[in-house]
Amino acid sequence: MQKILIIGLLGVLLFVGCDQNKKEPSISIHVSFNNTASEIPKDGRLLLMLSNNDEKEPRFQINDGLAGQLVFGMNVDGMKPGDIITFDETIFGYPFSSLAEVPPGEYSVQALLHTYETFNLSTGHTVKLPMDNGEGQQWRSSPGNLYSKPFMIRVVENGIENVEVVMDQVIPPIPEPEDTKWIKHIKIKSEKLSEFWGRDMYLGAHVLLPKGFDEHPEAKYPLMVFHGHFPDDFGGFRTTPPDPEMEPEYSERFDLEGYNIIQQQEAYDFYKRWNEPDFPRMLIIEIQHPTPYYDDSYAVNSANQGPYGDAITYELIPEIEKRFRGMGEGWSRFLYGGSTGGWEALAVQVKYPEEYNGCFAACPDPIDFRAYCLTNIYEDENAYYYESANKILEVPAHRDYLGNIQSTLREGNHLELVLGDKSRSGQQWDIWEATYSPQGDDGYPVRIWDKMTGDIDHEVAEYWKENFDLRHILERDWDKLGENLKGKIHIYCGDMDNYYLNNAVYLMEDFLENTTEPYYEGEILYGDRAEHCWNGDQELPNAISRLRYNSMYVPKIMKRIAESAPKDADLTSWRYK
């Protein structure tokens, strides 16, 4: 049994007759790392975590949901082995803003240092950011981060004093995935990104080869580009049936027992479909493009992250097509994905209209910033609270299909502020800021709103509008983009999306369906009572359809190819049995 340290919680005594001479308790938790963890100084974000749930380590329980645990954070520069950093009541935290507010009870305590590196940008700025180390920008599991083993403490009412937390563990490297008969892995140095970041930067992809790839050297293939969060390997493809020894696991999200077995079965079923005689032979890729701000770049050029759009479209994809016999022409390339990937699929199609021949955007991140989830960044004064003269009502951030709220916009942003200032949390609101905002004088993204108060900066909002509000860009430039986008835009969203993403889709639909010169000739569909991330399947639930991205849009792609391919296009070499 772990030793329980008795510590106290600062209390405010407000009752009559209290002892005026009683000494105020102090709050101090001391964090350090030793030579076992590292012998060199470290920059980064130092996190102190407390959890009253012992099912997992505290670092794996930090979120803004109802079961989220406690975290406090600060920056450190040049922290050396043996240096002692003190957390007291002044250090900002979530969900309690101060250690002084932590209720009495038993807690597991843990510290973690999310390490930063220095980048000398081509813009002339020097910034400190976390480099991705093969994990997809996950602070809790990033190789090289230092952390302590959790141990138990007890918070009582008389103060927190002289708790020592020593980080003596280092998260190990992640092995690279290995090539198989079906799945190949590619990584290239991007000259465009390396120039921007002032150091070597790489892009990668997992490539699924078609049946008969080696037996048909004459064939060239269309390309399906799956956008989304960082993939550690190609997902949803398995050459063997589900592992009979695997214990079934319950999915709380979908209320399904044995969802891990269902996932393996779906992956095996896709392998079988991939090999059917009438399945089109094509390449499918999943891109790895993590940045120092997030697990992926949002696949567009931006002031803070550099030219990821150009790097992917003009460096990575041509190299993949060269190595694996892709057609290498815009008519043969298609984009698809959900959530982040849904926004990326649509944005890339809009930004590079001639380089791709269709996008299938499921539950996309906000595509009209008048509905930036539940905030209109152009008209609202504050993102966290509804306008009211006589009451305070917070703006929700997450709901279920019945409308039950799990978190608010303020809570999610305050958690991000604890995990990292200057848009460095690696979380959702910060990556939108890092992607859409101009670069500030300090080299970091300019805030769209004050992270503490929620007050919106409308000058920044106008920059977002002109550069990344996809509905506005389409409306503004339809006379130039319309002909190149006819038949290419397909958007799908549940009408009870957990993050209210359907609201922006409604606004996009209003524009596209009422614009006739030219008419967009695509489709926008909604799933009745469907949550995040509905992708257009009216028959199956999200739990199943989300596992079928790699095949469900193929019939639509084949129809598009038949309608739009140039007269001299190769429509036969890749249609073998």
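## Close-up views of a predicted model

View 1. Ile186 belongs to strand 13 (residues 183-189); helices (H or I, at least four residues) and strands (E, at least two) are DSSP runs, numbered from the N terminus. The structure is a predicted model, in which local features need pLDDT of at least 70, side-chain atom pairs count only at pLDDT 80 or more, and totals for chains, interfaces and linings use all residues. Residues are numbered from 1 along each chain as its sequence is written, and side-chain values use heavy atoms, with hydrogens and water left out. With a relative accessibility of 4%, Ile186 counts as buried (buried means under 20% relative accessible area, exposed over 50%, partly exposed in between; 1.4 Å probe, protein chains only). Residues up to four places away in sequence aside, Ile186 touches Leu203, Gly204, Ala205, Val207, Glu319, Ile320 and Arg323 (contact means heavy atoms within 4.5 Å). Between Ile186 and Arg424 there are 238 residues in sequence and 28 Å in space, taken from C-alpha to C-alpha.

**View 2. Thr313 in helix 3.** Thr313 is part of helix 3 (residues 308-323). Its relative accessibility is 3%, so Thr313 counts as buried. Not counting residues up to four places away in sequence, Thr313 touches Pro318, Tyr352, Glu355 and Tyr356.

View 3. Across the whole structure, a search finds 37 aromatic pairs (rings of Phe, Tyr and Trp, the last by its six-membered ring, pair if their centres lie within 6.5 Å; planes under 30 degrees apart count as stacked, over 60 as edge-to-face and the rest as tilted). The ring centres of Phe369 and Tyr436 are 5.2 Å apart and the planes stand at 45°, so this pair is tilted. Phe369 lies in the loop between strand 20 (359-362) and strand 21 (396-399), while Tyr436 lies in helix 6 (residues 428-436), so the pair ties together parts that are 67 residues apart in sequence. Both Phe369 and Tyr436 are buried. Tyr384 and Trp449 form an edge-to-face pair, with 6.1 Å from centre to centre and 75° between the planes. This pair also links distant parts of the chain, 65 residues apart: Tyr384 is in the loop between strand 20 and strand 21, and Trp449 is in the loop between helix 6 and helix 7. Tyr384 is buried at 0% relative accessibility, and Trp449 is buried with a relative accessible area of 2%. One aromatic cluster includes Phe369, Tyr384, Tyr436 and Trp449, with Trp429, Trp432 and Trp464 also among its members.

**View 4. Helix 6 and its packing.** Eight of the nine residues of helix 6 are buried, so this helix is largely enclosed by the rest of the structure. Among the buried residues are Trp429, Trp432 and Tyr436. The buried residues of helix 6 pack against strand 17 (301-302), helix 4 (340-351), helix 5 (409-419) and helix 7.

**View 5. Asp469 between two helices.** Asp469 is placed in the loop between helix 7 (458-468) and helix 8 (470-485). Asp469 is buried yet has no salt bridge, and the nearest side chain of opposite charge, Arg471, is 4.3 Å away. For such pairs, Lys and Arg count as positive and Asp and Glu as negative, with His and the chain ends not counted; a salt bridge is a side-chain nitrogen of Lys or Arg within 4 Å of a carboxyl oxygen of Asp or Glu. The Asp469 side chain makes a polar contact of 2.6 Å with the side chain of Tyr378 (a polar contact is a pair of N or O atoms within 3.5 Å; within protein, one must be able to donate a hydrogen and the other to accept it, and residues adjacent in sequence count only if both atoms are side-chain atoms). Neighbours within four places in sequence aside, Asp469 is in contact with Ile367, Asp368, Phe369, Arg370, Tyr378 and Trp464.

View 6. The whole structure holds 31 salt bridges. Asp477 forms one with Lys480, with the closest N and O atoms 3.6 Å apart. Asp477 and Lys480 both lie in helix 8, three residues or about one turn of the helix apart. Asp477 is buried at 14% relative accessibility, whereas Lys480 is exposed with a relative accessible area of 55%. Lys480 also forms a salt bridge with Asp479, at 3.8 Å between the closest N and O atoms. Elsewhere, the side chains of Lys556 and Glu523 meet in a salt bridge of 2.9 Å, N to O. That pair links distant parts of the chain, 33 residues apart: Lys556 in helix 12 (residues 554-564) and Glu523 in strand 24 (residues 523-527). Lys556 is partly exposed at 33% relative accessibility, and Glu523 is buried at 19% relative accessible area.
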